[in-house]
Amino acid sequence: MSNETPLWEVFIRPRNGLAHRHCGSVHAADATLALQAARDVYTRRGEGFSVWVVPSAAITASDPVSKSEMFEPAETKIYRHPTFYDIPDEVGHM
Amino acid sequence: MTERDALFTLLIRLADDHLVLGHRLSEWCGHAPMLEEDLALPNMALDLIGQARSLYARAGEVEGAGRTEDDYAYLREERGFRNLLLVERPNGDFARTVLRNLYFAAFMRPWWEAAQGSTDGTLAAIAGKAVKESAYHVRHSAEWAIRLGDGTEESARRMKEAVEELHPYTEELFDRDEATETLAAAGLAPDPAAMRPAWDEAIRAVFAEARLEVPEVPYPLRGGRAGLHTEHLGHMLAPMQYLARAHPGASW
């Protein structure tokens, strides 16, 4: 077993109605302490109403090496952006 | 003793407890064992110093002699301070710091809870804010005490040593005297001795999980309430008060 203190990813919900957003990471021995550390490190200026912590090891991430095959094919398909039609003024902001 | 004198006495005691412990925790800034705690400890220091400021400001009103929070914090000497000996203990290691926080917060939480019903509106309002802050302090220190006490061989040893060193200072939390009795009778502030069952239960529950034993205390250590301090307080006040004394009346 490693002596390293595990890393946790921190997600904070800024206010009701908005989704949790990733805001950083903390080191902590277990989930309870990770939640406390997340509160102490990331909510000091009233940023949050809800905090999630997730073990960093539980996140499966895409490999930076395969960036070109993963993401470049989308770059040439500008027709996927919804900008090719006019929105009537009465609709207002979307 | 008049109710006004008793209230002033209490406000100064309580403000001194919070200022001294707050300053102690601020000493960890930049020195904590990990970055996360380097923010957590000063966070709590700021809670405590904020409470101290409110209490000093109210003390100034009650005293009616024109003294401000800065006068109380920076221009009184060691013997003028009325804080518990517990809170002036040096930080020692992380185990001692955590345990000192636990002992103090486990007392203050039920005290603030009860003080929300004070017939002094300002004290009741201060209590309303402080009760939430102290609840977090109990939670933070209890979780750490449990993990250190039931952790590695070294952390368990350090927690045991912390208990041996600090437990004798806890009796002073509950001391009654003319001031506390006058205030309790008038409904101005809760009787400290009445916090005993809640404190005992909180400590017992944490110690059970932390595999620590509550020690017998044949010779409790007290004196802070009478202005009789350990050698550590003066060494803390010197750097704390230096700037305000070297530049009287300076402002930002």
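Hi everyone, let me start with chain A: among its contacts between residues at least 6 apart in sequence, 41% join residues at least 24 apart, where contact means heavy atoms within 4.5 Å. Before I go on, this is a predicted model, in which local features need pLDDT of at least 70 and side-chain atom pairs count only at pLDDT 80 or more, while totals for chains, interfaces and linings use all residues. Residues are numbered from 1 along each chain as its sequence is written, chains are lettered from A and ligands numbered from 1 in the order in which they are written, and side-chain values use heavy atoms, with hydrogens and water left out.

Let's stay with chain A for a moment. Chain A has two helices and three strands; these are DSSP runs numbered from the N terminus, with helices being H or I of at least four residues and strands E of at least two. Starting at the N terminus, the order of elements in chain A is β-β-α-β-α. How does the radius of gyration of chain A stand against the globule rule? It is 20 Å, well over the 12 Å that the rule gives for 94 residues, so chain A is more spread out than a compact globule. For the record, that radius is taken over C-alpha atoms, and the rule is 2.2 Å times the number of residues to the power 0.38. The C-alpha trace of chain A spans about 55 × 35 × 15 Å along its principal axes. As for burial, 22% of the 94 residues of chain A count as buried, meaning under 20% relative accessible area, with exposed being over 50% and partly exposed in between, using a 1.4 Å probe and protein chains only.

Now, on to where the two chains meet. Chain A brings 13 residues to the contact and chain B brings eleven. About 1,200 Å² is buried between chain A and chain B, and carbon and sulfur atoms give 54% of that; buried area here is the accessible area, again with a 1.4 Å probe, that two parts lose on being put together, summed over both. Which residues of chain A lose the most area to chain B? They are Leu33(A), Gln36(A) and Asp40(A), which together make up 43% of what that side buries.

What about polar pairs across the interface? Between chain A and chain B there are five residue pairs in polar contact, both residues at pLDDT 80 or more. A polar contact is a pair of N or O atoms within 3.5 Å; within protein, one must be able to donate a hydrogen and the other to accept it, and residues adjacent in sequence count only if both atoms are side-chain atoms. On the chain A side, strand S2 (21-27) and helix H1 (31-42) each supply at least two of the residues that touch chain B. The largest share, eight residues, comes from H1(A). By class, that side has five nonpolar, four polar and four charged residues. Nonpolar covers Ala, Val, Leu, Ile, Met, Phe, Trp, Tyr, Cys and Pro, charged covers Asp, Glu, Lys and Arg, and the others, Gly among them, are polar.

There is also one salt bridge between chain A and chain B, that is, a side-chain nitrogen of Lys or Arg within 4 Å of a carboxyl oxygen of Asp or Glu. The side chains of Asp30(A) and Arg147(B) form a salt bridge, at 2.4 Å from N to O.

Arg53(B) and Glu69(B) pair up through their side chains at 2.5 Å, N to O. Arg53(B) sits in helix H2 (residues 35-63) and Glu69(B) in helix H3 (residues 69-74), 16 residues apart. Arg53(B) is partly exposed at 49% relative accessible area, and Glu69(B) is partly exposed at 23%.

Next, Arg158(B) and Asp93(B) meet in a salt bridge at 3.1 Å, N to O. This pair links distant parts of the chain, 65 residues apart: Arg158(B) is in helix H7 (residues 153-166), and Asp93(B) is in the loop between helix H4 (85-88) and helix H5 (94-115). Is Asp93(B) buried or exposed? Asp93(B) is buried, at 12%, whereas Arg158(B) is partly exposed, at 30%. Both belong to a network of salt bridges that also includes Arg89(B), Arg96(B), Glu154(B) and Glu165(B).

Most residues other than glycine have a negative phi. Arg211(B) is exposed, with a relative accessible area of 60%. Thanks, everyone!
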